[in-house]
Amino acid sequence: MKKVFLSKNPSQTHALGKNLGAVLHRGDVVAFFGGLGMGKTAFTRGLAEGLGLSAHVSSPTFAIVNVYQGSPMLCHFDMYRIDGWDDLCTTGFFEYLEDDAVLAIEWSENIENVLPENSFFVNISKGENETDRIFEIEGDERLENISC
């Protein structure tokens, strides 16, 4: 299933993430595709809130992964600097997949060939106005309950 959403500002992006987070289960993967400044971290803040987490979510650019404890745990990856199998293995990515955590993965373009088939794929592009973002989300039937 695929749905398309238009976000007019970061608050709407956060709300869309929150709505998706509310239907996620342990072991789900949310794979982001899109360039710099598209709203991936704002969306992930919403995911965390939708999962019931109160953590301050920040970009994992330098840490590569930020882990937010909860039930389920949220692991927020930045794969921008991942260049090859050895780099990916050092992130702990595969171990986190086995932990029944929810994974939010920025720059999924760099690891697309190892993403689980049942991931939620979030393609983000610019809209007509400066703050507009178009979210094309592919996933299972839980998307029916998502709005922006």
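The questions and answers below concern a predicted model.

Q: Which residue has a positive phi although it is not a glycine?
A: The residue belongs to the loop between strand S5 (102–106) and strand S6 (120–126). Its phi is about 60°, and the residue is Trp107.

Q: Is Trp107 buried or exposed?
A: A residue is buried when its relative accessible area is under 20%. Trp107 has 14% relative accessibility, so Trp107 counts as buried.

Q: How many salt bridges does the model have?
A: Side chains of opposite charge can pair when their charged atoms come close. The cut-off applied here is 4 Å between a side-chain nitrogen of Lys or Arg and a carboxyl oxygen of Asp or Glu. By this rule the number of salt bridges is 5.

Q: How many residues apart in sequence are the parts that the pair Glu49 and Lys18 ties together?
A: Glu49 and Lys18 form a salt bridge, with the closest N and O atoms 3.0 Å apart. Glu49 is in helix H2 (residues 40–50) and Lys18 is in helix H1 (residues 10–21), so the parts tied together by this pair are separated in sequence by 31 residues.

Q: What is the relative accessible area of Lys18?
A: The salt-bridge partner of Lys18 is Glu49. Glu49 counts as partly exposed at 38% relative accessibility. Lys18 is also partly exposed, and its relative accessible area is 35%.

Q: How many residues apart are Arg142 and Asp28?
A: The side chains of Arg142 and Asp28 form a salt bridge at 2.7 Å, N to O. Arg142 lies in the segment after strand S7 (133–138), and Asp28 lies in the loop between H1 and strand S2 (29–33). The pair thus links distant parts of the chain, with a separation of 114 residues.

Q: Are Arg142 and Asp28 buried or exposed?
A: The limit for a buried residue is a relative accessible area under 20%. Arg142 has 12%, and Asp28 has 8%. Both residues therefore count as buried.

Q: How far apart in space are Gly84 and Asn110, C-alpha to C-alpha?
A: Gly84 is in the loop between S4 and helix H3 (85–90), and it is partly exposed at 39% relative accessible area. In sequence, Gly84 and Asn110 are 26 residues apart. In space, their C-alpha atoms are separated by 8.3 Å.

Q: Which residue has its backbone oxygen 2.7 Å from a polar atom of the side chain of Ser119?
A: Ser119 is in the loop between S5 and S6 and counts as buried at 3% relative accessibility. The backbone oxygen at 2.7 Å from its side chain belongs to Pro116.

Q: Leaving aside neighbours within four places in sequence, with which residues is Ser119 in contact?
A: Contact here requires heavy atoms within 4.5 Å. With those sequence neighbours set aside, the residues in contact with Ser119 are Val29, Glu138 and Gly139.

Key: Residues numbered from 1 in each chain as written. Predicted model: local features only at pLDDT ≥ 70, side-chain atom pairs only at ≥ 80, totals over all residues. Heavy atoms only, no water. Helix = DSSP H or I, 4+ residues; strand = E, 2+ residues; numbered from the N terminus. Buried < 20%, exposed > 50% of the residue type's maximum accessible area, 1.4 Å probe, protein only. Polar contact = N/O pair within 3.5 Å; in protein donor to acceptor, adjacent residues only side chain to side chain.
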